[in-house]
Amino acid sequence: MSARISASVYTSHVPAIGVALDLGRTDEPYWRPLFDGYEPAKEWFRAHTPDVIILVYNDHATTFSLDIIPTFAIGTAAAYPVADEGWGPRPVPDVVGHPELASHVAYSVIQQDFDLTIVNRLAVDHGLTVPLSLMCGQPSAWPCPVIPFPVNVVHYPIPSGQRCFDLGQAIRRAVESYDDDLDVQIWGTGGMSHQLQGPRAGLINREFDQSFLDELIAAPTELAKKPHIDYIREAGSEGIELVMWLIARGAMSDLAGGAPPSVRHRFYHVPASNTAVGNLILENRDPGERR
Amino acid sequence: MGIDKPYLDVPGTTIFDADQSRRGYWLNQFCMSLMSAENRERFKHDEAAYLDEWAMTADQKQAVLDRDMNRMIALGGNIYFLAKIGATDGKSFQQMAASMTGMSEDEYRDMMVAGGRSPDGNRFVHESDDPQRRPTAPGASS
């Protein structure tokens with residue numbers, strides 16, 4: 001048996017969601033619809049807790065300042081502390097890594113011509129911890145090891161949607177060549193439409209977001225061709241984070257001749273602070289089956 | 001040949017590219033220093049003195065003292081770095097974003113609850129006479 005990717009999860013990672021959870025505000029009328037909307041996803045996750053999560057996210061000027069800006073990075077450490085982003089660290093558990101699988105993925109993906117940066121000292125910010133909180137709730141320890149996979153979507157030049165999509169396919173091949181029977185999920189986070197800066201701050205585009213979800217499910221190969229300017233113009237300057245969802249989508253087995261994934265959950269809500277929130281779960285139909 | 005910047009045609013938006021990054025290097029690195037509680041205390045105790053420790057321009061220092069987010073962004077600041085100043089002040093991302101739009105915090109929050117700012121009329125600079133002053137609120141053109 002080898003490792004395989006059983007499912008992909010997509011979710012926004014708005015910092016205010018972490019604050020609402022940490023301060024016990026989830027029952028407030030403002031937040032209730034959002035957290036209710038994630039209940040089915042949490043229920044699914046309880047029944048489908050994997051052995052490892054590869055969590056694609058972006059660092060928000062936390063570990064990576066302007067000194068070093070890796071386009072694609074992978075955490076190969078045993079553990080990752082929760083960062084102090086300026087408010088003090090979130091009161092959530094430290095993240096346990098999976099150094100063996102991470103090192104294997106780094107090796108395999110680099111052999112496939114994607115030049116990842118290998119990171120061993122990495123404080124994880126809301127980009128990684130908010131998705132875990134949304135899917136797992138507030139446990140005293142996260143339910144499984146996590147491999148952080150930071151992508152630069154802050155400092156241009158940033159990778160294209162196509163590059164992200166192709167990288168996802170390389171990650172799938174890497175996981176499937178790991179000689180241990182592991183159930184792996186890949187999560188793509190960030191988005192959906194939002195802009196945090198300038199007089200255009202507050203931009204939300206429901207139509208764009210819903211089409212993005214439709215195409216991500218059914219026509220990802222075409223979606224990968226969308227240029228950066230379309231995200232900026234239509235989904236706001238920070239909506240560009242959505243390219244990270246294409247990494248997770250690229251790792252699904254339909255892109256290697258498998259059946260189309262089944263949609264286990266789809267949720268969309270406006271707003272969380274400045275942001276449109278999306279959540280999607282896609283499951284491979286033939287987990288464990290070798291192609 | 002220069003870098004193609006199609007995003008210059010998007011109103012009310014500054015993309016953090018290599019030129020902005022070069023302009024804002026020390027402004028942003030100052031912001032990074034606020035990730036330690038000790039530095040936040042030192043900054044709050046004497047902001048001007050703390051800023052003088054950094055190789056920032058006088059304009060950048062003044063923009064920080066004024067908490068003028070749009071000015072900081074024009075001078076090379078990036079929102080995720082500038083957010084450390086907001087965090088030091090106890091401000092949320094929503095309060096920081098509102099301060100850049102010319103709206104009050106309540107107006108901005110209401111706009112978001114009503115579905116956010118519409119992209120209609122906000123896609124191209126030519127769609128608005130003065131996008132820096134007149135962002136389109138939801139419902140105004142949709």
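**View 1. Contacts of A:I54.** Setting aside neighbours within four places in sequence, A:I54 is in contact with A:I147, A:F149, A:I171, A:V184 and A:I186. Contact requires C-beta atoms, placed from the backbone, to lie within 7 Å. The model is predicted: local features need pLDDT of at least 70, side-chain atom pairs count only at pLDDT 80 or more, and totals for chains, interfaces and linings use all residues. Residues are numbered from 1 along each chain as its sequence is written, while chains are lettered from A and ligands numbered from 1 in the order in which they are written.

**View 2. The largest nonpolar core.** This core has 123 residues. A:I54, A:L55, A:V56, A:I171 and A:M244 touch the most other members. Domain 1 (15–90) and domain 2 (101–135) of chain B both give residues to this core, so it lies between them. The domain bounds come from an automatic or database domain assignment. A nonpolar core is a set of buried Ala, Val, Leu, Ile, Met, Phe, Trp, Tyr and Cys residues joined through C-beta atoms within 7 Å. A residue is buried if 20 or more other C-beta atoms lie within 10 Å of its own, exposed if 12 or fewer, and partly exposed in between.

**View 3. Strand β8 of chain A and its partners.** β8(A) spans residues 183–189. Six of its seven residues are buried, so the strand is mostly covered. β1 (residues 4–11) of chain A runs parallel to β8(A), joined by seven bridges. Here A:V9 stands opposite A:W187. β2 (residues 52–57) of chain A is also parallel to β8(A), with five bridges. In this pair A:I53 faces A:Q185. Strands pair if DSSP finds at least two bridges between them. Helices (H or I, at least four residues) and strands (E, at least two) are DSSP runs, numbered from the N terminus.

**View 4. The side of chain A that touches chain B.** 33 residues of chain A are in contact with 48 residues of chain B. On the chain A side, α1 (15–22), α8 (228–235) and β9 (262–272) each supply at least two residues. α8(A) gives the most, with four. The residues of this side divide into 16 nonpolar, twelve polar and five charged. Ala, Val, Leu, Ile, Met, Phe, Trp, Tyr, Cys and Pro count as nonpolar, Asp, Glu, Lys and Arg as charged, and the others, Gly among them, as polar.

Terms used: Two residues are in contact if their C-beta atoms, placed from the backbone, lie within 7 Å.
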